[in-house]
Amino acid sequence: MVGLLLVTSTTPPSLPGLQMTPVHPRDRADAPWWRQAVIYQIYPRSFADSTGDGIGDLPGARAKLPYLAALGVDAVWFSPFYVSPQADAGYDVADYRDIDPLFGTLADFQDLLDDATGLGIKVIVDLVPNHSSSEHPWFTAALAAAPGSPERARYLFRDGRGEDGELPPNDWKSVFGGPGWTRVVEADGRPGQWYLHLFDVTQPDFDWTNPDVRQEFLDVIDFWVKRGVAGFRVDVAAGLVKDQTFRDWGYTHDQPGPDDERLATAKAPMWDQDGVHEIYQVWRSLLDGYGPPDRILCAEAWVHPPERAALYIRSTEFHQAFNFDFLDCPWRAADYRRVIATSLEVCDSVGAPATWVLSNHDVVRHASRFGLPVGTPRPNGIGADDPQPDAELGLRRARAAAMLMLGLGGSAYLYQGEELGLPEATALPDDLRQDPVYIRTDKRQLGRDGCRVPMPWVANAPGLGFGPSARTWLPQPDTFADLAADVQEGVAGSTLELYRTLLQIRRERELGLGGLVLVDGYGEEVLALVNTGRDDADPTLVLVNFGSDPVSLPPGATVLVASGDLSDGAVPADTAVWARLAG
Ligand code: GLC
């Protein structure tokens with residue numbers, strides 16, 4: 001038997017013949033809520049519709065709060081519902097202080113927030129500081145004003161290159177495809193300056209060296225804190241500050257860099273520049289100044305390597321940052337072992353909780369990703385002509401992956417519908433696609449519509465109960481009916497009941513605060529770890545079998561929950577269990 005190396009004072013039961021490697025200490029018992037919170041992402045236009053226009057809204061979401069309370073989440077994060085022309089589904093904000101009529105009113109938001117508070121659910125909102133909509137009054141003023149004016153200085157207007165300024169100022173590309181610069185027509189009718197948009201042409205980037213911009217976002221944060229929000233998910237958090245030389249880069253967003261397999265993001269002149277941190281330090285002080293309870297900042301920062309990501313979650317900046325390495329991890333035990341250990345190491349180095357996530361509104365749903373051949377790079381959308389994911393295998397793995405994620409210490413984000421096991425919609429008619437990515441890449445990339453399809457609530461209702469009419473802004477695949485919430489509710493073994501059970505056990509056993517010990521000895525294709533939970537005397541074994549041979553549990557282990565049926569007490573392929581080790 002191998003001796004146990006433990007991070008905490010007492011010891012969990014020994015596992016004969018297995019090697020135990022502590023990888024993460026237990027969090028303190030009085031840790032603030034966000035260090036272990038399970039947060040549910042609501043994508044408003046696709047969650048629940050109250051009007052029958054086929055687009056989800058705030059009253060629709062409000063009506064579903066009891067469902068979320070029963071699921072057992074601690075908080076919800078709303079993707080943007082602000083006034084917006086919806087060129088990028090609301091990530092193009094024209095008024096940061098009001099709700100788009102599509103989604104309701106400020107009064108609707110207040111009602112929702114009050115109900116959520118009554119149910120013990122916190123509300124986090126999206127903050128989009130990298131760019132506004134081109135219909136934001138600041139941008140229309142900038143277009144009307146002259147080059148060099150204070151109005152233009154809030155955005156990144158530059159003169160073009162070439163004899164008549166006919167070439168863009170540099171070679172930066174849009175993340176959504178195509179050039180990152182667009183030329184404007186000046187008041188005299190002549191072609192004039194260019195403005196930078198790292199995303200769609202309707203999403204001009206702010207100039208974060210401008211004090212107006214800095215002050216504006218402090219005011220916007222204050223506006224929403226005063227309305228009672230529990231924090232902000234910060235969009236494109238690594239993009240606000242650009243290399244001030246505006247040098248050419250030579251590469252595009254998704255093209256690897258010259259000298260390494262995976263580009264260190266900071267090498268790109270528009271991502272992960274050191275100057276962003278100062279902005280977030282100011283935001284953090286502002287938020288801390290409101291006193292308890294903590295209002296949080298969660299970074300959407302696609303940053304590499306993980307050591308750079310850790311800078312964002314120092315105690316003076318963000319509380320959380322999505323762990324996209326976990327989201328992108330291939331379905332292999334060794335890869336998860338590496339990603340989990342590295343993530344915990346870098347998070348622990350700055351005292352931050354890990355923030356696990358498997359899906360969101362920007363990526364192919366994981367129930368479909370896991371149904372593609374292992375190691376397939378994550379596609380930007382899946383179409384009817386593409387190789388189709390194995391739905392059954394994908395769901396089986398998705399359920400096991402959820403058990404892995406929720407069995408880890410730290411915080412976790414769920415994307416609406418994953419608790420139903422929803423797959424990606426892979427047969428959307430191309431003419432219905434709305435993601436600007438599809439258009440800007442000349443249809444080479446299908447984009448993100450397939451993970452944004454309206455939720456199925458009631459199998460036998462028009463529009464699967466999405467709203468009071470049959471309308472849904474994107475068509476729901478036929479397979480959604482069998483996955484509707486009402487079909488799964490109360491059904492033992494359904495994905496919905498699995499998630500409910502997981503969240504309940506996680507809460508009872510305080511797995512979010514638990515220390516983690518990796519267990520080696522089950523073989524290369526098994527990932528096993530012990531979560532010490534609230535009590536060393538009653539730890540939880542989290543075991544996922546990525547291989548094909550069933551794996552026996554240690555003697556005396558009692559299964560708490562499993563993602564699939566066990567075979568003679570052993571854990572079969574692509575299945576996870578949580579088990580008590582105490583007698
Ligand atoms: C973030 C959002 C994405 C949006 C982009 C531009 O990546 O998650 O949906 O399109 O920023 O705002």
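Mentor: Helices here are DSSP runs of H or I with at least four residues, strands are E runs of at least two, and both are numbered from the N terminus. Keep in mind that this is a predicted model, where local features need pLDDT of at least 70, side-chain atom pairs count only at pLDDT 80 or more, and totals for chains, interfaces and linings use all residues. Residues are numbered from 1 along each chain as its sequence is written, and side-chain values use heavy atoms, with hydrogens and water left out.

Trainee: Which residues line the largest cavity?

Mentor: Among them are Arg365, His366, Arg399, Glu418 and Tyr499. By class, the lining has 4 nonpolar, 4 polar and 3 charged residues. For the classes, Ala, Val, Leu, Ile, Met, Phe, Trp, Tyr, Cys and Pro are nonpolar, Asp, Glu, Lys and Arg are charged, and the others, Gly among them, are polar.

Trainee: And how much space lies in the second largest pocket?

Mentor: About 290 Å³. Of its 16 lining residues, Ser368, Ala391, Pro423, Glu424 and Thr479 are the closest to the centre. α11 (391–406) supplies the largest share of that lining, 3 residues, and the lining divides into 9 nonpolar, 5 polar and 2 charged.

Trainee: Next, the nonpolar core. Which residues touch the most other members?

Mentor: The general idea is that nonpolar side chains tend to be buried together in soluble globular proteins. A core is a set of buried Ala, Val, Leu, Ile, Met, Phe, Trp, Tyr and Cys residues joined through side-chain atoms within 4.5 Å; buried means under 20% relative accessible area, exposed over 50%, and partly exposed in between (1.4 Å probe, protein chains only). In the largest core, with 141 residues, Tyr40, Leu68, Trp224, Phe232 and Trp283 touch the most other members. That core draws at least three residues from each of domain 1 (33–133 + 211–500) and domain 2 (137–196), with bounds from an automatic or database domain assignment.

Trainee: How far apart do the C-alpha centres of domain 1 and domain 2 lie?

Mentor: They are 31 Å apart. Still, 25 residues of domain 1 are in contact with 20 residues of domain 2, where contact means heavy atoms within 4.5 Å.

Trainee: Last one: what should I look for in the backbone?

Mentor: Most residues other than glycine have a negative phi, and most peptide bonds are trans. Here Gln86, not a glycine, has a positive phi of about 65 degrees, and Ala89 has one of about 50 degrees. A cis peptide bond joins Pro292 and Pro293, with omega about -5 degrees, and another joins His304 and Pro305, with omega about 0 degrees.

Trainee: Is Gln86 buried or exposed?

Mentor: Gln86 counts as buried because its relative accessible area is 17%, and Ala89 is also buried, at 14%.

Notes:
On a 1 Å grid over the protein atoms alone, a cavity is a set of points where a 1.4 Å probe fits but cannot get out, and a pocket is an open set with protein on both sides within 12 Å along at least five of seven lines; lining residues have an atom within 4 Å of a point. Grid points are joined across faces, edges and corners, and a volume is the space filled by probe spheres set on the points.
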